[in-house]
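Here are my notes for a colleague who is meeting this structure for the first time. They are set out as numbered points, to be read beside the sequence and the model.

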There are 4 protein chains.
Amino acid sequence: MIEDVRRAQIIESAIETFAEVGYSGTSLARIAERAGISKGVISYHFAGKDELMEQLVDQVYREITGFVAPRVERESTAAGRLRARLRSVAEYVQGHRSQLLALAEVFNNLRDANDQLRYGETFNEPIYQSQEAMLRAGQDSGELRDFDARVMAVTVQAAIDAMIAYWGAYPEHDIAAHAEQLADLFENGIRAHHAGQETDR
Amino acid sequence: MIEDVRRAQIIESAIETFAEVGYSGTSLARIAERAGISKGVISYHFAGKDELMEQLVDQVYREITGFVAPRVERESTAAGRLRARLRSVAEYVQGHRSQLLALAEVFNNLRDANDQLRYGETFNEPIYQSQEAMLRAGQDSGELRDFDARVMAVTVQAAIDAMIAYWGAYPEHDIAAHAEQLADLFENGIRAHHAGQETDR
Amino acid sequence: MIEDVRRAQIIESAIETFAEVGYSGTSLARIAERAGISKGVISYHFAGKDELMEQLVDQVYREITGFVAPRVERESTAAGRLRARLRSVAEYVQGHRSQLLALAEVFNNLRDANDQLRYGETFNEPIYQSQEAMLRAGQDSGELRDFDARVMAVTVQAAIDAMIAYWGAYPEHDIAAHAEQLADLFENGIRAHHAGQETDR
Amino acid sequence: MIEDVRRAQIIESAIETFAEVGYSGTSLARIAERAGISKGVISYHFAGKDELMEQLVDQVYREITGFVAPRVERESTAAGRLRARLRSVAEYVQGHRSQLLALAEVFNNLRDANDQLRYGETFNEPIYQSQEAMLRAGQDSGELRDFDARVMAVTVQAAIDAMIAYWGAYPEHDIAAHAEQLADLFENGIRAHHAGQETDR
DNA sequence: CATGAATGAGGCTTCATTCAT
DNA sequence: CATGAATGAAGCCTCATTCAT
């Protein structure tokens, strides 16, 4: 009810604040100010700043996954799935710029009591593993050449993040074309060598 | 003389602190404590925390460039230069883990008075441009296929950063092999299609 | 009706909270939480935290007095009344541990707008005076020796409070035996000297 | 050096604040204000509010013990030692009113992370034990009658604390006379019966 | 009669920076 | 050249209280 509305409003305000002034510039006071509410309200709805950030990550993460996953699953070949992933991320990201920037801020900075990153590489494990499985299936079917699937999974993710970050810095950058370029790169880079195939674009 | 020694000592201490506890966990007090000096000394030798961080970036950046650049210039083909870059970065990084982690922290967080990232994508411009020039030369010579050189430059840089970050999280990861995998990926991904060449490894 | 039930429930919850976490650890939120009610309810039934505490004192005080007074009045000699008082307090206290601890917390900490203790020594005045009257009667009848009745009244009260506090800290302590020891002490300490001993002063 | 001077000044200011406005009314801001220093200074010289309070207790405790102990040790009989203790406490307390009130505030309120009193009855153990030893020696020598030495030790301490508290509330009260009255009470109350009286139990 | 939501003051602490010595 | 002391802003959090529903 009202509870959920407020929490959503606060998270939305936090997203915009992180996106605009970065992790260390984001205080509860600033979030509250942007939301037009009193400072204490955030502490009322969230156990603390950390919980707010974790919920932010949860929400944004769920949203983007909910958008991308079905579009990927529609494809059957490894190359097709990879291209679908790149395209759908690029598509989703348009209109959700702040969300992605905020996600990156929290990702790269939130630490636990032992100074370890709360969302470190270990948080990416599930993604890496599903990506690896997909790539290995492509290798087994003969579609893809031999390579280290873990390295490739890490690199695909890095290419996506960089695409988002670059577009974050240069909003006029054509992110859809960027995604196609990446798909071409990986398609050429990992397919099995026999005769010269062509990309679908 | 003493001046320079002190500054170097402070920067060294700052590097280790950033690497260990991250950007928001790094205070002047903590840097001073690790260096075994008084808090005030830092303010005496640097105009402020910002200047310290800028000098840190300058120093680390100069070091890594000084290591990588000559190894790249020794090569003549685009593929060779790219592989040399990947290899030499991977080589340099071993033994300079803290430096690279600290560099990333400052890179991703330091902002100016207008909340703009001090080292944003614009800081990468020189790298992108030199990389682009190299790639275009490869395209002109017929070595490389047609693609967006800017996107490729961004992606190469991202792949390198991710390699470092992954190795930062999993120190037992074989970063040298990782670099070769990346070289293979890009070599296959961007060379001109005629007959099937082989990578050198 | 319901009104009174709620007030009693809240006071009961406050008693246990004070007893457990002390004065400064007791917040309305904590009291409400223990009572299983909403925070606002307390403010609805009491003018404020201060009034709640005053009612708590009133209630506990009335209870203990209602238990002790008739048992004291049954006795006729000063020594008998004193022993009756000590015994009945010790008896009452068993089964009302939290009440007494809570009473002490509020007693020692609640202050008015001028930072004066709300229940200071002045609150003990009625007790002191009744005790003094009883002791003076014993002196007049020749049962008790000469001494400062006010000092003795203060000391008796202090001995009782310490007995309760000690037993509060060591629940296995035999409080009934403690009460008898105190009665012996005072009986020997204040009765008239039939063989004339002298103090060293 | 300056360090010690400041710490002493802050503790002194804390003592007066506790004495005046009580435990819950004492904030670091108020202490700093009274000391005429900036809020942050306290955090600079003490790890936190808790450490400040512990040092306060240490200091006051050491002072009072240093005054009382030699005066007690000068005496040889149990009655003499007890009277010496009562007299010297009463003497010391005059001129150190705030110290004693502050000590009581911290004593009765400071709690650890588990809500247990930092200075509970257990803190009094050493006092109780030394007092007990003294009383038992008196019983062994035939000077004192049979009684529970622990109960008596607790009661003596309580009588002293009450004397201080009463005088704290009524500064015109004659605390020296009060101490003599207490000494008389205990002397009569615990000495061996040469003419054999009996208690009623 | 009860509640959950909101407020704003105040508490403790950390921090970058300044300054006298 | 170095230090320790001090500052005051800002951060997060808790709290008693108010209020619309």
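1. Helix axes are lines fitted to C-alpha atoms, for helices over the stretch in contact, and the angles between N-to-C directions run from 0 to 180 degrees. Helices (H or I, at least four residues) and strands (E, at least two) are DSSP runs, numbered from the N terminus. With that in hand, helix H8 (residues 149–169) of chain C and helix H7 (residues 121–140) of chain D have axes that come within 10 Å and cross at roughly 115°. H8(C) is therefore roughly perpendicular to H7(D), on a scale where angles under 35 degrees count as roughly parallel, over 145 as roughly antiparallel, 65 to 115 as roughly perpendicular and the rest as oblique.

2. This is a predicted model, in which local features need pLDDT of at least 70 and side-chain atom pairs count only at pLDDT 80 or more, while totals for chains, interfaces and linings use all residues. Residues are numbered from 1 along each chain as its sequence is written, chains are lettered from A and ligands numbered from 1 in the order in which they are written, and side-chain values use heavy atoms, with hydrogens and water left out.

3. To return to the crossing of H8(C) and H7(D), its hand is left-handed, a term used if the near helix is turned anticlockwise from the far one by less than a right angle, and right-handed if clockwise. Ala165(C), Tyr166(C) and Ala169(C) on H8(C) meet Glu121(D), Glu125(D) and Tyr128(D) on H7(D), where contact means heavy atoms within 4.5 Å.

4. Which chains touch? Four pairs of chains do, and the most contacts among them are between chains C and D. Chains B and C do not touch, their nearest C-alpha atoms being 30 Å apart, and no contact joins chain A and chain D, whose closest C-alpha atoms lie 17 Å apart.

5. Chain B is superposed on chain A by a rotation of 179° with 0.0 Å of shift along its axis, at an RMSD of 0.2 Å. Gly189(B) is the residue of chain B that comes closest to the rotation axis, its C-alpha lying at 1.9 Å. Because 100% of the interface residues of chain B are also interface residues in chain A, the copies meet through the same surface.

6. Over all chains, the whole structure holds 54 salt bridges, each being a side-chain nitrogen of Lys or Arg within 4 Å of a carboxyl oxygen of Asp or Glu. One of them pairs Arg87(B) with Glu180(B), with the closest N and O atoms 2.5 Å apart. This pair links distant parts of the chain, 93 residues apart, with Arg87(B) in helix H5 (residues 78–93) and Glu180(B) in helix H9 (residues 175–190) of chain B. Arg87(B) is partly exposed at 37% relative accessibility, whereas Glu180(B) is buried at 7%; buried means under 20% relative accessible area, exposed over 50%, and partly exposed in between (1.4 Å probe, protein chains only).

7. In chain C, Arg7(C) and Glu51(C) form a salt bridge whose closest N and O atoms are 3.3 Å apart. Since Arg7(C) lies in helix H1 (residues 2–21) and Glu51(C) in helix H4 (residues 49–73), the pair ties together parts of chain C that are 44 residues apart in sequence. Arg7(C) is buried, at 18%, and Glu51(C) is partly exposed, at 23%.

Methods
Least-squares fit on C-alpha atoms with pLDDT ≥ 70 in both.
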